[in-house]
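Please look over the sequence and the structure shown here, and then read the briefing that follows, which is grouped by topic.

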Amino acid sequence: MRIERPASVRQIVAAAGLFDAPPRREWAQEFLSAQGHHLFFAYEEEAGPEPVGFISGVETVHPDKGREMFLYELGVAGPYRRRGVARALIRALAGLAREHGCYGMWVGVDPENEPALAAYRSAGGVVDGPCTVVDWDLSDDTDDTDDAPAADPADGTR
């Protein structure tokens with residue numbers, strides 16, 4: 001198996017089948033150009049020139065925590081799952097994180113996603129308890145924040 005970083009938008013667009021949706025050229029270019037954004041592809045000789053998996057990560061830094069790596073997404077083509085591809089990709093990203101001075105790496109995963117949990121554990125990850133995800137849909141022009149209760153600084157909300 002070979003793990004490489006794509007160097008061009010063309011390579012990313014050609015791997016469209018690995019992503020949740022086809023990559024958009026302008027976003028692929030922005031990702032490649034952004035400091036702290038990382039993407040690796042995995043290649044298997046038997047699969048030819050097309051990648052069989054990918055992992056993306058984003059370095060974050062915080063004034064009181066330092067630098068860490070957020071494992072943004074991991075995907076492996078069906079026929080190549082449970083063959084060590086995910087583990088190799090995770091280890092490649094973790095190695096890069098170490099090189100960049102990250103103190104840790106983390107990923108959010110659905111607790112029922114056993115295949116993902118197995119892949120993360122196989123690469124040395126440790127489940128750190130349940131997590132609730134709160135998200136905002138910012139895709140339209142509406143601002144629903146006026147209806148939300150004000151945060152109380154005394155309760156630690158941020």
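Just after helix 4, Gly124 takes a positive phi of about 95 degrees, where helices (H or I, at least four residues) and strands (E, at least two) are DSSP runs numbered from the N terminus. This is a predicted model, in which local features need pLDDT of at least 70 and side-chain atom pairs count only at pLDDT 80 or more, while totals for chains, interfaces and linings use all residues. Residues are numbered from 1 along each chain as its sequence is written, and side-chain values use heavy atoms, with hydrogens and water left out.

**Helix 4**
- Ala116, Leu117, Ala119 and Tyr120 are the buried residues named in helix 4, where buried means under 20% relative accessible area, exposed over 50%, and partly exposed in between (1.4 Å probe, protein chains only).
- Seen down the axis of helix 4, these buried residues fall within an arc of 160 degrees, so they line one face of the helix; the arc is that of the directions from the helix axis to the C-beta atoms.
- Strand 4 and helix 3 are among what covers the buried residues of helix 4.

**The chain as a whole**
- The protein chain has four helices and five strands, and along the sequence they follow the pattern β-α-α-β-β-β-α-β-α.
- Of the 158 residues in the protein chain, 28% are buried.
- Among contacts (heavy atoms within 4.5 Å) between residues at least 6 apart in sequence, 55% join residues at least 24 apart.

**Two pockets**
- A pocket is found on a 1 Å grid over the protein atoms alone, as an open set of points where a 1.4 Å probe fits, with protein on both sides within 12 Å along at least five of seven lines, and its lining residues have an atom within 4 Å of a point.
- The largest pocket holds about 980 Å³ of space, a volume being the space filled by probe spheres set on the grid points, which are joined across faces, edges and corners.
- Among the 29 residues that line the largest pocket, Met105, Trp106, Val107, Gly108 and Val126 lie nearest its centre, and helix 3 gives the largest share of the lining, five residues.
- The lining of the largest pocket divides into 19 nonpolar, five polar and five charged residues; Ala, Val, Leu, Ile, Met, Phe, Trp, Tyr, Cys and Pro count as nonpolar, Asp, Glu, Lys and Arg as charged, and the others, Gly among them, as polar.
- The second largest pocket has a volume of about 730 Å³ and is lined by 30 residues, of which Leu74, Ala86, Pro115, Ala116 and Ala119 lie nearest its centre.
- Strand 4 contributes seven residues, the largest share of the lining of the second largest pocket.

- Arg82, in the loop between strand 4 and helix 3, has a phi near 60 degrees, a positive value in a residue other than glycine, and is exposed with a relative accessible area of 81%.
- Glu59 lies in strand 3 (residues 53–62) and counts as buried at 14% relative accessibility.
- The side chain of Glu59 makes a polar contact with the side chain of Arg67 (3.0 Å); a polar contact is a pair of N or O atoms within 3.5 Å, where within protein one must be able to donate a hydrogen and the other to accept it, and residues adjacent in sequence count only if both atoms are side-chain atoms.
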